[in-house]
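Subject: Model handover and notes

Hello,

The model we spoke about is below, with my notes after it. Please read them alongside the coordinates.

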Amino acid sequence: MEIFGLFAGLAIIGILIAIFFFLLGIVKWLLQGYFLFRVAEKKNLDMPWLGFVPFGTFYLGGQMYDGHITGRGQFNPKTIGLVFAIVGIVIYIMGLSIGDIAISYILMESIVFLGIFKAYTKNLGVAVLLALLNFVTAGIAAIIILFLYNRKLEEDAFGVVDETGEQYKSI
């Protein structure tokens, strides 16, 4: 009888851990979707609402390659985004287990967001390091960078207000 209680306790702990990670994933998805939507809206990307769709994020991230990773106008940004979305879906379908699927999704997301990281930092080396950090932190770094990039775009658009209430353009 004691072994049954032990297994029941372990099952309850496992279910609570699974619920915690599920809720953490929902919060990550909502935050990343919101900030990606805001950045896509400010950068006039095609269909910014795709920031809330799992593979739509790949489409938006691919559009940011235009002018940041590839030469501006060298490729159609919508085509780059579509290629990333299709490749992401194929890699996702080819995943053999839940762990493979999650790891491949985060790896692909880090590669796709390289254009966004480069647009934020203006340095390819730092952008690659941010992509690696995004992979290691399971996508948390992308939320932070998207938040910071959103603020940077707002400051560039509206200027910065100092303590005296004076508004000036940031350099």
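I86 lies in helix 3 (helices are DSSP runs of H or I of at least four residues, strands are runs of E of at least two, and both are numbered from the N terminus). At 47% relative accessibility, I86 counts as partly exposed, because buried means under 20% relative accessible area, exposed means over 50%, and partly exposed is in between, with a 1.4 Å probe and protein chains only. The C-alpha atoms of I86 and Y59 are separated by 8.8 Å, and the two residues are 27 apart along the chain.

Before the rest, the conventions. This is a predicted model, in which local features need pLDDT of at least 70 and side-chain atom pairs count only at pLDDT 80 or more, while totals for chains, interfaces and linings use all residues. Residues are numbered from 1 along each chain as its sequence is written, and side-chain values use heavy atoms, with hydrogens and water left out.

Overall layout

The protein has 7 helices and 2 strands, and along the sequence the pattern reads α-α-α-α-α-α-α-β-β. Of its 171 residues, 35% are buried. Contacts (heavy atoms within 4.5 Å) between residues at least 6 apart in sequence join residues at least 24 apart in 53% of cases.

Y59 belongs to the buried residues of helix 2, which are G56, T57, F58, Y59, L60, G61, G62 and Q63. That is 8 of the 8 residues of helix 2, so this helix is largely enclosed by the rest of the structure.

Two packed helices are described by the angle between their axes and the distance between the axes. For helix 2 (residues 56–63) and helix 3 (residues 77–94), the angle is about 145° and the axes are 7 Å apart. The axes are lines fitted to C-alpha atoms, for helices over the stretch in contact, and angles run from 0 to 180 degrees between N-to-C directions. The crossing of helix 2 with helix 3 is right-handed; a crossing is left-handed if the near helix is turned anticlockwise from the far one by less than a right angle, and right-handed if clockwise.

Helix 2 contributes F58, Y59, G62 and Q63 to this contact, and helix 3 contributes P77, K78, I80, G81, L82, F84, A85 and G88. By class, the contact of helix 2 with helix 3 has 7 nonpolar, 4 polar and 1 charged residues. Here Ala, Val, Leu, Ile, Met, Phe, Trp, Tyr, Cys and Pro count as nonpolar, Asp, Glu, Lys and Arg as charged, and the others, Gly among them, as polar.

Helix 1 and helix 7

Helix 1 and helix 7 pack at about 30°, with their axes 9 Å apart. That makes helix 1 roughly parallel to helix 7, because angles under 35 degrees count as roughly parallel, over 145 as roughly antiparallel, 65 to 115 as roughly perpendicular and the rest as oblique. The crossing of helix 1 with helix 7 is left-handed.

On the helix 1 side the contact is made by K28, L31, Q32, F35, L36, R38, V39 and K42, and on the helix 7 side by I140, A142, I143, L146, F147, Y149, N150, L153 and E154. These residues divide into 11 nonpolar, 2 polar and 4 charged.

Salt bridges

The count is 4 salt bridges, each being a side-chain nitrogen of Lys or Arg within 4 Å of a carboxyl oxygen of Asp or Glu.

- E154 with R38: the closest N and O atoms are 3.2 Å apart. E154 lies in helix 7 (residues 140–158) and R38 in helix 1, so the pair ties together parts that are 116 residues apart in sequence.
- K42 with E154: the N to O distance is 3.1 Å. K42 is in helix 1 and E154 in helix 7, so this pair ties together parts 112 residues apart in sequence.
- K28 with E109: the N to O distance is 3.7 Å. This pair links distant parts of the chain, with K28 in helix 1 (residues 2–42) and E109 in helix 4 (residues 98–112), 81 residues apart.

R38, K42 and E154 are linked in a network of salt bridges. Which class of accessibility does each partner fall into? E154 is partly exposed at 27%, R38 is partly exposed at 23%, and K42 is partly exposed at 28%. K28, in contrast, counts as buried at 16%, and E109 counts as buried at 0%.

Regards
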